[in-house]
Amino acid sequence: MYAKKKVFISGPITGHDEPKVKSAFNYAESKISEKNLFPLNPVVVQPPARLTDKEEIWSYCMKVTISMMLNADAIYMLPNWQGSRGASLERQIGLNLGIPVHYNLDDLYIYTEGNNPTKEVIVS
């Protein structure tokens, strides 16, 4: 038996329409699951009720989601991630740690099947 490869889903969350955000992340989660991969979906993170300041809430959620991401074999970036402070941070951390970053599901599927599609990694 083998462990499923884990894929962290990254994209814009803060300041966006919650139902649309959940729909986009959950759609990606279902597509990743269909390929027998294990999705790591950050929309499940809920800050404690005691946090009320927007910046504290963002910081809390980023700490949790980055810890999720650190366990990933790959990162899938949802469309329009570029305008998101959190998604940009997740991408940069992933690249610096050698976690392959993918921008479309087809490349992600090819990568996780052991091939070498176009992906972004930092080469030093």
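Lys6 stands opposite Phe38, a residue of strand β2, where strands are DSSP runs of E with at least two residues, helices are runs of H or I with at least four residues, and both are numbered from the N terminus. The model is predicted, so local features need pLDDT of at least 70 and side-chain atom pairs count only at pLDDT 80 or more, while totals for chains, interfaces and linings use all residues. Residues are numbered from 1 along each chain as its sequence is written, and side-chain values use heavy atoms, with hydrogens and water left out.

β1 and β2 run parallel and are joined by three bridges; two strands count as paired if DSSP finds at least two bridges between them. In general, strands of a sheet pair through backbone hydrogen bonds, either parallel or antiparallel. Here four strands form an open sheet with parallel pairing, in the order β2-β1-β3-β4. Because β2 (38-40) and β4 (101-102) stand at the edges, each with a single partner strand, one side of each is left without a neighbour in the sheet.

Of the 124 residues in the chain, 40% are buried, where buried means under 20% relative accessible area, exposed over 50% and partly exposed in between, with a 1.4 Å probe and protein chains only. The largest nonpolar core has 17 residues, and those with the most contacts inside it are Phe8, Leu40, Met68, Met69, Ile75, Met77 and Val101; such a core is a set of buried Ala, Val, Leu, Ile, Met, Phe, Trp, Tyr and Cys residues joined through side-chain atoms within 4.5 Å. At least two residues of this core come from each of α2 (54-69), β3 (74-77) and α3 (85-96), and α2 gives the most, with six residues. Apart from this core lies another, of 15 residues, among them Val7, Ala28, Leu37 and Ala74.

When residues up to four places away in sequence are not counted, Phe8 touches Leu40, Pro42, Thr65, Met68, Met69, Ala72, Ala74, Ile75, Tyr76 and Glu90, a contact being heavy atoms within 4.5 Å. Among contacts in the chain between residues at least 6 apart in sequence, 64% join residues at least 24 apart.

The largest pocket holds about 700 Å³ of space. On a 1 Å grid over the protein atoms alone, a pocket is an open set of points where a 1.4 Å probe fits, with protein on both sides within 12 Å along at least five of seven lines, and lining residues have an atom within 4 Å of a point. Grid points are joined across faces, edges and corners, and the volume is the space filled by probe spheres set on the points. Its lining has 29 residues, of which Ile13, Thr14, Gly15, Ile57 and Cys61 lie nearest the centre of the pocket. The largest share of this lining, six residues, comes from α2.

The second largest pocket has a volume of about 160 Å³, and its lining includes Pro12, His16, Asp17, Lys20 and Asn80.

Helix α2 is also the place of Ser59, a residue that is partly exposed, with a relative accessible area of 26%. Ser59 and Gly86 are 27 residues apart along the chain, and their C-alpha atoms are separated by 9.3 Å.
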